[in-house]
Amino acid sequence: MAHDIWVSIDFDGVISTYDGWKGFDILGEPIKEVKEALILMKERGYKIVIFTTRLDTPVLRMWLKKYEIPFDSVNSTAHNPPHTSNKPIAHVIIDDRAICYQGQRADTLMKQIDLLLNKEL
């Protein structure tokens with residue numbers, strides 16, 4: 001690959017099951033399909049940054065190792081160019097609380113936002 005392709009992926013509700021905050025060291029079960037996709041990404045040479053609101057704790061690292069979840073970094077923007085913000089540079093962002101903007105009209109975008117918020121409430 002000529003340059004690195006970075007994928008930013010959330011942890012709770014994406015890599016791991018999630019039914020609400022229980023504490024820093026209380027983690028769900030791995031989501032099989034996501035683990036398999038991460039393995040395929042690594043096989044293709046993608047770089048994976050797990051970007052989560054969780055702190056990068058030893059318990060989180062042990063969980064990732066235990067379930068053989070491939071990744072390159074956790075909550076890191078070290079791969080960003082100098083003088084950029086803390087938002088990780090990524091070609092793809094995977095998150096259970098996201099909407100992909102693809103030029104949709106304002107009313108369509110608002111419907112997507114309302115659906116996502118209603119799922120959360």
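## Ser 8 and its surroundings

Ser 8 touches Val 49, Phe 51, Pro 88, Ala 90, Val 92, Ile 93 and Ile 94, leaving out residues up to four places away in sequence; contact here means heavy atoms within 4.5 Å. Ser 8 sits in strand E1 and is buried, at a relative accessible area of 5%. The burial classes work like this: buried is under 20% relative accessible area, exposed is over 50%, and partly exposed is in between, with a 1.4 Å probe and protein chains only. Helices (H or I, at least four residues) and strands (E, at least two) are DSSP runs, numbered from the N terminus.

A word on the basis: this is a predicted model, where local features need pLDDT of at least 70 and side-chain atom pairs count only at pLDDT 80 or more, while totals for chains, interfaces and linings use all residues. Residues are numbered from 1 along each chain as its sequence is written, and side-chain values use heavy atoms, with hydrogens and water left out.

In soluble globular proteins, nonpolar side chains tend to be buried together. The largest nonpolar core here has 17 residues, and Ile 9, Phe 11, Ile 15, Leu 38, Trp 63 and Leu 64 touch the most other members. At least two core residues come from each of strand E1 (6-9), helix H1 (32-43), strand E2 (47-50) and helix H2 (58-66). Such a core is a set of buried Ala, Val, Leu, Ile, Met, Phe, Trp, Tyr and Cys residues joined through side-chain atoms within 4.5 Å.

What is Leu 64 in contact with, leaving aside its neighbours within four places in sequence? The partners are Phe 11, Ile 50, Ile 69, Phe 71 and Val 74.

Leu 60, Trp 63 and Leu 64 are the buried residues to look at in H2. They are on the same side of H2 because they cover an arc of only 95° around the axis, taking the arc from the directions from the helix axis to the C-beta atoms. The buried residues of H2 pack against E2 and strand E3 (73-74).

Just after H2, Glu 68 takes a positive phi of about 55°.

## A nonpolar patch outside

Some nonpolar side chains are on the surface: Tyr 18, Trp 21, Phe 24 and Leu 55 form a patch there, with about 430 Å² of accessible area together. Patches are made of residues with over 30% relative accessible area and no salt bridge, joining nonpolar side chains (Val, Leu, Ile, Met, Phe, Trp, Tyr) within 5 Å and like charges within 9 Å. Areas come from the Shrake-Rupley method with a 1.4 Å probe; for residues, only the protein chains shown count as cover.

Leu 55 lies in the loop between E2 and H2. With a relative accessible area of 52%, Leu 55 is exposed.

## Salt bridges

The structure holds 6 salt bridges, each being a side-chain nitrogen of Lys or Arg within 4 Å of a carboxyl oxygen of Asp or Glu. One of them joins Lys 22 to Asp 19, with the closest N and O atoms 3.2 Å apart; Asp 19 counts as exposed at 65% relative accessibility. Another pairs Lys 32 with Glu 36 (3.1 Å, N to O). Both lie in helix H1, 4 residues apart, about one turn of the helix. Lys 32 is exposed at 57%, while Glu 36 is partly exposed at 39%.

Lys 42 and Asp 72 also meet in a salt bridge (2.8 Å, N to O). This pair links distant parts of the chain, 30 residues apart: Lys 42 is in helix H1, and Asp 72 is in the loop between H2 and E3. Lys 42 is partly exposed at 29% relative accessibility, and Asp 72 is partly exposed at 34%.
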